[in-house]
Amino acid sequence: MMLRKLLSSVDSQFLNGLKLQIGGSSYLASRSVSSLPEAVGLDSDRSDEENGEMDWDNLGFALTPTDYMYVMKCSRDGYFTDGMLNRYGNIELSPSAGVLNYGQGLFEGLKAYRRAMGAGFLLFRPEENAKRMQVGAERMCMPAPSVDQFAHAVEQTVLANRRWVPPSGKGSLYIRPLLIGTGAILGLAPAPEYTFLVYAAPVGTYFKEGMAPINLLIEHETHRATPGGTGGVKTIANYAPVLQAQMRAKSKGFSDVLYLDSINKRYLEEASSCNLFIVKGGVISTPYTNGTILPGITRKSIIELARNNGYQVSERLVSIDDLREADEVFCTGTAVVVSPVSSITYQGHRYRYRTGEETVSKKLYEALTSIQMGLAELSICNQLGRLEVFSSNKLASNSIQLGRVSEQLSYVHY
């Protein structure tokens, strides 16, 4: 079955049937003018192409406020109320909220793409983000939405903000689910109430270099994570501590920082917001996730895609010596997708790597983005070999899969 057939049926009435879910307790009983706006009806008469003020050709990775966000509340017992769509805006928090005082919060990141063929949009593996949030919530003593609740919230957010999804090939709608402790707490303890919130913004490339290769600096003294900590989950507390090292590196002209393990200071872990891969003699290696490295969904996808198409992939300790001898280096992540690395500087020595059209990272980038944008049938076979297209939910090697297909929004699996 051709991918075009799987993605062609679009029911224009689907969006009109999108209803606000207001069951359960209201989000906030009383709010100031700057607090969360009340739930409102969707402007379903507005075309999903109607966003003439946007310069789609010059999108960076910055916040552009969109129309709606999705909100769902939860008590400590783990019961989530029905969620609702609200106009995008500020939220009201107690000064003693758990997220403000003790950093009890998680976030995820995923993207929606406008279909290249036909109307509608594509989400890439959102169930993986939902599962990762559940793992993080357990570590941070928080209740988490189910996979279905997470997926429903993301779907609603995308469709409500459909006019902000860039044209195919111009970018994507970046979706940011948040799970935060909003209940008031003074002593060190889990918050009594939680909020699951999803907002979105149109984005282009993450690094200022755009699609050009990036240059990294290895940080020897500052460490992103330590054994026994929270480096393996996507808690908000992991990110502010790297800002100083990142700003210092950018002031010297580097794109980002690459961190070493905190014990031996010789094994590579990850960059500030993305995973690392090296290529040597046709073998792809990446640091294995041992609790200090975030198990990236793009990382997982690249590993599966490469192995399914004949590459040898090794998840192992990757040392400074391995980096010195590598032919090619690249980073992966939801925001960066697959970003080639031109050079890495360590203790004053700059090591350079192969980039360009014939590299492994370029082939994997084109293969992955072809899947994400629904162009797999046009490019995958030319880039990395045989990939059949199915409509079932069963995960199989050498296949692209579409699961939970609605009239306007499809999930892509492979």
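1. Helices are DSSP runs of H or I with at least four residues, strands are runs of E with at least two, and both are numbered from the N terminus. The model is predicted, so local features need pLDDT of at least 70 and side-chain atom pairs count only at pLDDT 80 or more, while totals for chains, interfaces and linings use all residues. Residues are numbered from 1 along each chain as its sequence is written, and side-chain values use heavy atoms, with hydrogens and water left out.

2. Among the buried residues of H4 are Pro126, Ala130, Met133 and Ala137, together with the charged Glu127, Glu128 and Arg132. Buried means under 20% relative accessible area, exposed over 50%, and partly exposed in between, with a 1.4 Å probe and protein chains only.

3. Lysine 170 lies in the loop between helix H5 (147-160) and strand S6. Its relative accessible area is 38%, and therefore lysine 170 is classed as partly exposed. Not counting residues up to four places away in sequence, lysine 170 touches Trp56, Asp57 and Leu59, where contact means heavy atoms within 4.5 Å. The side chains of lysine 170 and aspartate 57 make a polar contact at 2.4 Å. Such a contact is a pair of N or O atoms within 3.5 Å; within protein, one must be able to donate a hydrogen and the other to accept it, and residues adjacent in sequence count only if both atoms are side-chain atoms. The C-alpha atoms of lysine 170 and aspartate 55 are 9.8 Å apart, although 115 residues separate them along the chain.

4. Tyrosine 199 belongs to strand S7 (residues 193-203). Leaving aside neighbours within four places in sequence, its contacts include Leu63, Met69, Tyr88 and Thr157, as well as Tyr174 and Arg176. Between the C-alpha atoms of tyrosine 199 and valine 158, 41 residues apart along the chain, the separation is 8.8 Å.

5. For the protein as a whole, there are ten helices and 19 strands. Of its 414 residues, 54% count as buried. Among contacts with a separation of 6 or more, 71% come from residues 24 or more positions apart.
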